[in-house]
Amino acid sequence: MAATSERAGLITRFAPSPTGPLHLGHAYSACLAFDLARKHGGTFLIRIEDIDRQRARPEWEAQIYEDLNWLGLTWPEPVMRQSDRQPAYDAALDRLWDMGLLYPCSCSRRDIQEAASAPQEGVPRLGPDGLVYPGTCRPDELPTGVRPRETALRLDMRRAMQRIGAEQLSFIECGGGPGDETGEIGISPEALVSEIGDVVLARRDMGTSYHLSVVLDDAAQGVTDVVRGRDLFEATRIHVVLQRLLGLASPRYLHHRLIRDDTGKRLAKRDDARAIRTYRDSGLSPRDIRAKLGL
């Protein structure tokens with residue numbers, strides 16, 4: 001085992017959703033996180049992000065474990081599963097509601113598209129979750145009393161920035177690959193309001209959202225270094241805001257390059273041709289997979 005260093009106690013994680021097969025992009029992210037933990041004598045964790053109960057399947061979860069074991073990755077048991085964590089998500093939502101930072105939203109995607117495309121709104125902006133919400137349901141005064149259940153809830157980003165105040169918002173970026181330098185990335189409050197907007201923190205059909213769950217789960221697991229693709233770089237700004245509002249420490253982040261197909265398109269779960277299982281069945285070895293990924 002590699003000697004420990006000033007990064008002793010480092011904890012990384014790989015958090016797949018059991019909604020389809022793992023592909024080369026997943027393998028790259030998982031192997032980077034595993035290798036980083038092993039390099040510093042740390043711990044590599046698996047977390048199953050199964051808040052989308054309509055799409056999550058036990059057979060996909062089983063194949064995730066099988067593929068990762070085949071790649072030579074190991075992790076401690078038991079594995080955290082988001083479907084067991086709703087009480088923690090509810091507690092955080094109650095806290096943010098009591099802080100006066102959330103409001104119900106009944107807009108559909110079509111409603112948002114039409115509102116954002118209205119002439120008075122100018123050119124629609126795209127954020128990490130698609131079109132930046134134009135504020136259709138945002139009230140002049142946020143509601144009080146008991147938080148409503150079974151409804152979508154948005155974070156009022158402008159009020160969140162007022163709540164955080166003059167505190168400098170930033171995160172530590174460890175680069176996109178081996179040898180890349182570490183640096184501090186500043187976050188502009190004005191950009192959060194205009195480029196991110198009022199993000200959904202609880203979906204009506206889930207009771208939570210990716211942004212809220214991932215922040216709370218990383219904190220609960222003591223994750224010190226988050227390894228994920230560059231497509232989530234903008235989402236990190238949202239996560240830092242939530243960490244500040246909820247009094248949670250921010251991990252270091254490594255946003256790695258994306259694995260793409262021959263046309264330059266980012267791989268998706270529906271891309272079965274590059275699924276790990278397909279490569280396994282064709283006779284490739286874990287070493288071959290690492291070579292294809294440049295690891």
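Contact here means heavy atoms within 4.5 Å. The model is predicted: local features need pLDDT of at least 70, side-chain atom pairs count only at pLDDT 80 or more, and totals for chains, interfaces and linings use all residues. Residues are numbered from 1 along each chain as its sequence is written, and side-chain values use heavy atoms, with hydrogens and water left out.

**View 1. Leu-155 and the largest nonpolar core.** Leaving aside neighbours within four places in sequence, Leu-155 is in contact with Leu-101, Leu-102, Ala-160, Asp-198, Val-199, Leu-201, Val-241, Leu-242 and Leu-245. The largest nonpolar core has 39 residues, and Leu-96, Leu-155, Val-241 and Leu-245 have the most contacts inside it. Two or more residues each come from H3 (86-98), S7 (152-155), H5 (157-164), H6 (189-196), S10 (200-202), H7 (210-220) and H8 (233-245). Another core, of 30 residues, lies apart from it and includes Leu-22, Ile-48, Val-79 and Ile-259. A nonpolar core is a set of buried Ala, Val, Leu, Ile, Met, Phe, Trp, Tyr and Cys residues joined through side-chain atoms within 4.5 Å. Buried means under 20% relative accessible area, exposed over 50%, partly exposed in between (1.4 Å probe, protein chains only). Helices (H or I, at least four residues) and strands (E, at least two) are DSSP runs, numbered from the N terminus.

View 2. Met-157, Ala-160, Met-161 and Ile-164 are buried in H5. They cover an arc of only 100° around the axis, so they sit on the same side of H5. The arc is that of the directions from the helix axis to the C-beta atoms. Buried residues of H5 pack against S7, H6 and H8. Arg-158, Gln-162 and Arg-163 are exposed on the other side of H5.

**View 3. The ends of helix H5.** At the start of H5, a side-chain oxygen of Asp-156 comes within 3.3 Å of the backbone nitrogen of Arg-158.

**View 4. Strand S11 and its partner S12.** Five of the five residues of S11 (residues 225-229) are buried, so this strand is largely enclosed by the rest of the structure. S11 pairs with S12 (residues 252-256) in the parallel sense over five bridges; pairing requires at least two DSSP bridges between two strands. Arg-252 in S12 is the bridge partner of Asp-225.

**View 5. Thr-12 in strand S1.** Thr-12 lies in S1 (residues 11-14). Thr-12 is buried, at a relative accessible area of 0%. Beyond neighbours within four places in sequence, contacts of Thr-12 include Ala-33, Phe-34, Leu-45 and Asp-225.

Note on methods. A polar contact is a pair of N or O atoms within 3.5 Å; within protein, one must be able to donate a hydrogen and the other to accept it, and residues adjacent in sequence count only if both atoms are side-chain atoms.
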